[in-house]
Amino acid sequence: MANNERQPVRGPTSALSSFLREKGIRIPTNPYARIQQANAQSSTNNIESQSNQVESVPVNESVNESVNTPTVETVATQSTKFKSTKKSKKKKLDDDDDELLNSMKLGSLKKQKLNQSNLVSDLIQFCQMCHRRFLIESNNNLICQACKVSGKKSNSLVKRSKKKNENMILDLTGEYSSLLSLKNMCIKFLADYIDDVEQLGSVHIDTKIHISRIISKERKLNNTNLMVFLGPYEEELHLFDCTYIDSIGFSRIPMLCPNLKKINLSFCGRMTNEILISIGSGCPNLTSLALSGPYLCSDNSFKTVFSKLPLLQHLKLGFVAKISNGSLQELVQSCPNLETLELFDCPLINDISALMSLTKLSTLKLNSIGTIEQEVLETILQKLGHQLIELSLNNHENLTATLWSTIQQCCTKMEMLSLQNNPGLYEDEKDGIECFTKLKTSLVKLDLSHNHSLTDELMTTVMNIHGPSLTHLNLNSLHHLSATMLMLVAKDCKSLVQVDLSWIRYILYILYHSSLDDPLFLDLMNTATHLEIIKVYGCHQLSPLVLNKPWYNCKSKRILIKGN
């Protein structure tokens, strides 16, 4: 083997090592690398000398097989060991280079993190307006850039979408709550697996109503899980969304629940005449009937049902397109003990003269029905007004201001009054002011919403006289009210539980475009210590400070702010 001058041999290196070598960057080597290279060099010399000795043996020389075979095997094994050790050495060298570089990088990163951790408290602060973290530019500026651009209100901030937690449950107010008691956890479990429940047994009716409300809001109620609420011992049935219940499901109600006394069915658009008549004949003990949306049922079917329910005391019908005056007359004749009558969105009813015979009527609500004559209405109030506790006459454009005097003289026990969208009543506000001034009882619930011409003069009288006793107040869409009305609501309405201030321009401007230090908002929250719900729909520039701050009433219950 020719003794050529040996050139330094470099094995394959990593991409990082070759890159650093091209850039002229030298890396401190491992102190043990030279010793390993020297050992590798000595081993190569020994192997080469042994290979030269093997090559010098002549071919035609007789040699014993027992001697020649092991020498070849030993050379082969040594050469393979050399190759494997050589590759492993190169891999170790490359790995050492990579580990060294990684250690150098990690060291620099750790130093950077330590430096950054010391500067976090100095660079990141919470905005004084929107309470969100941001990088400050100077110590004197504690307002984020978004609040600077939009002014002091931070109206251009994008509101964070509130994701409904899977563990949240619908409470009795119709809202979701994340604080679950043991009872609510059981109710949530039953509502989640309602299709696997065979029967509820002796569960209290309030719990059944709660479960029905949850699955109705989630659109889970169908013919299958309807069976959970049916039984021969059931006296009440409340189904709040019957969209997926067909004629087969409705037919099971009178068949399986003959002892029902209260029925409340909403969105029952699939109910037919036969089913309605079967409910009347199969449940003769009914004292309360509430139906919403049975637009397929005819006027004759309602006549038949009313004739079979002599014990009926409470009736609530809504969105019934085919019921007319004939059914109303049959109701008065067949149900003389009627105490509550609520009719809304029944456009074919326009003659209410038959109601004079209801001597036990205490609640009368005629909302969005056909055009009724004011003289007939005044006659009914003169005869039945002394026993009425709740009166609701919404969406009657033909009523005039002379009705105020009849209400003031005849309704001596009235606690709830609702007069939505009656523009003719406020053409002459003097009669209205006199009515509220001379009214013999203090109102508890008042709804004057959607009367756009109503002014401060009438509302000032209402607040001064009935403000301390009001628990529910609806002032939705009263555009001409000024900001001073908020001061009256905040100072006088100390018993408020629910208030609706939606779509009131001046009040919303003062209330929600100011800071939390504004006495208007603080007076409203501090004075109305029993407040539970405040509605502020229509305020698209609602301050995040009002939404994010938790407000609590005297019962330590959080005040619910409903709005956009």
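F189 comes out as exposed here, because its relative accessibility is 54% and the cut-off for exposed is over 50%. Keep in mind that this is a predicted model.

**Aromatic pairs**
- Searching the whole structure turns up 5 aromatic pairs.
- One of them joins F189 and Y193: the ring centres are 5.0 Å apart and the planes sit at 45 degrees, so this pair is tilted.
- Y193, with a relative accessible area of 46%, is partly exposed.
- W404 and F436 make another tilted pair, with ring centres 5.3 Å apart and planes at 55 degrees.
- Since W404 belongs to helix α12 (residues 403–410) and F436 to helix α13 (residues 429–438), their pairing ties together parts that are 32 residues apart in sequence.
- W404 and F436 are both buried.

**Charge over a ring**
- R213 has its charged end over the ring of F240, 4.4 Å from the ring's centre.

- Nonpolar side chains tend to be buried together in soluble globular proteins.
- The largest nonpolar core has 113 residues, and L265, M271, L341, I352, L355 and L473 touch the most other members.
- Helix α11 (residues 374–384) supplies the largest share of this core, 5 residues.
- Leaving out residues up to four places away in sequence, the contacts of L265 include L237, L239, F250, I253 and M271.
- There's also a second, separate core of 6 residues, among them C130, F134, I136 and C144.

Terms used
Residues are numbered from 1 along each chain as its sequence is written. This is a predicted model: local features need pLDDT of at least 70, side-chain atom pairs count only at pLDDT 80 or more; totals for chains, interfaces and linings use all residues. Side-chain values use heavy atoms; hydrogens and water are left out. Rings of Phe, Tyr and Trp (its six-membered ring) pair if their centres lie within 6.5 Å; planes under 30 degrees apart count as stacked, over 60 as edge-to-face and the rest as tilted. Buried means under 20% relative accessible area, exposed over 50%, partly exposed in between (1.4 Å probe, protein chains only). Helices (H or I, at least four residues) and strands (E, at least two) are DSSP runs, numbered from the N terminus. A charge sits over a ring if NZ of Lys or CZ of Arg is within 6 Å of the ring centre and within 35 degrees of the ring normal. A nonpolar core is a set of buried Ala, Val, Leu, Ile, Met, Phe, Trp, Tyr and Cys residues joined through side-chain atoms within 4.5 Å. Contact means heavy atoms within 4.5 Å.
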